[in-house]
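Dear colleague,

Please find below the sequence and structure that I am handing over to you. My notes on what was found follow directly after.

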Amino acid sequence: MQYREQIKEELLQTGCPFLEEEPLSAHTSFKIGGPAPLFLQPDSVPKLKSALSVLQKYQTPYFLLGNGSNVLAADEGIDCPVINLAGDFLAIRQEGENLIAGAGALYIAVCRRAMEAGLDGLQFAYGIPG
């Protein structure tokens, strides 16, 4: 990955948590996959925006990884940073008869929250991985 050291330095300045050479096998349901050079875990919108700005500055492609359900990653890994949403992106809140779910919220957690709140219409999704 080109500009790796510069990207790491700038990511540190943004406060966006990241790991180096993180095995994707630790983040996929099939437990396979080699390392990602950088595994970013922004936990807020400002940190995500800052991280994306850094990657865009160096014209670095990235892979956005959700919960890793049904994802097959190569054993040799990938050659671009991986972004995995954490923190605020996992939040689920209720507003009246609506649930507002963060982009990193698990489907099953949203379904359970709907059930606990007595909300109807999400039953079909309960067994879907993701």
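Two residues are said to be in contact when heavy atoms lie within 4.5 Å of each other. Among contacts in the protein chain between residues at least 6 apart in sequence, 50% join residues at least 24 apart.

Please note that this is a predicted model, in which local features need pLDDT of at least 70 and side-chain atom pairs count only at pLDDT 80 or more, while totals for chains, interfaces and linings use all residues. Residues are numbered from 1 along each chain as its sequence is written, and side-chain values use heavy atoms, with hydrogens and water left out.

Overall architecture

The protein chain has three helices and six strands (DSSP runs numbered from the N terminus: helices are H or I of at least four residues, strands E of at least two). Their order from the N terminus is α-β-β-α-β-β-β-β-α. Along the principal axes, the C-alpha atoms fill a box of roughly 50 × 30 × 20 Å. Of the 130 residues, 35% are buried, where buried means under 20% relative accessible area, exposed over 50% and partly exposed in between, with a 1.4 Å probe and protein chains only.

Helix α1 and the cores

In α1 (4-14), the buried residues are Arg4, Ile7, Lys8, Glu10 and Leu11. An α-helix has 3.6 residues a turn, so residues three or four places apart point the same way. The buried residues of α1 pack against β1, β2 and α2. After α1 comes Gly15, with a positive phi near 80 degrees.

A nonpolar core is a set of buried Ala, Val, Leu, Ile, Met, Phe, Trp, Tyr and Cys residues joined through side-chain atoms within 4.5 Å. The largest has 14 residues, of which Ile7, Leu11, Leu38, Leu40 and Ile83 touch the most other members. At least two residues of this core come from each of α1, β2 and α2 (45-57), and α2 gives the most, with four residues. A second, separate core of six residues includes Ala36, Phe39, Leu65 and Ala73. Leaving aside neighbours within four places in sequence, the contacts of Leu40 include Leu11, Ala51, Leu55 and Ile83.

The loop between β1 and β2

Is His27 buried or exposed? His27 counts as buried because its relative accessibility is 19%. This residue lies in the loop between β1 and β2. The side chains of His27 and Glu22 are joined by a polar contact of 2.8 Å (a pair of N or O atoms within 3.5 Å; within protein, one must be able to donate a hydrogen and the other to accept it, and residues adjacent in sequence count only if both atoms are side-chain atoms). Beyond its neighbours within four places in sequence, His27 is in contact with Glu22, Phe39, Leu65, Asn67 and Gly68.

Phe30 is placed in the loop between β1 (18-23) and β2 (35-40). Phe30 is partly exposed because its relative accessible area is 45%. Its contacts, apart from neighbours within four places in sequence, are Asn70, Val71 and Leu72. The C-alpha atoms of Phe30 and Asn70 are separated by 6.9 Å, although these residues are 40 apart along the chain.

With kind regards
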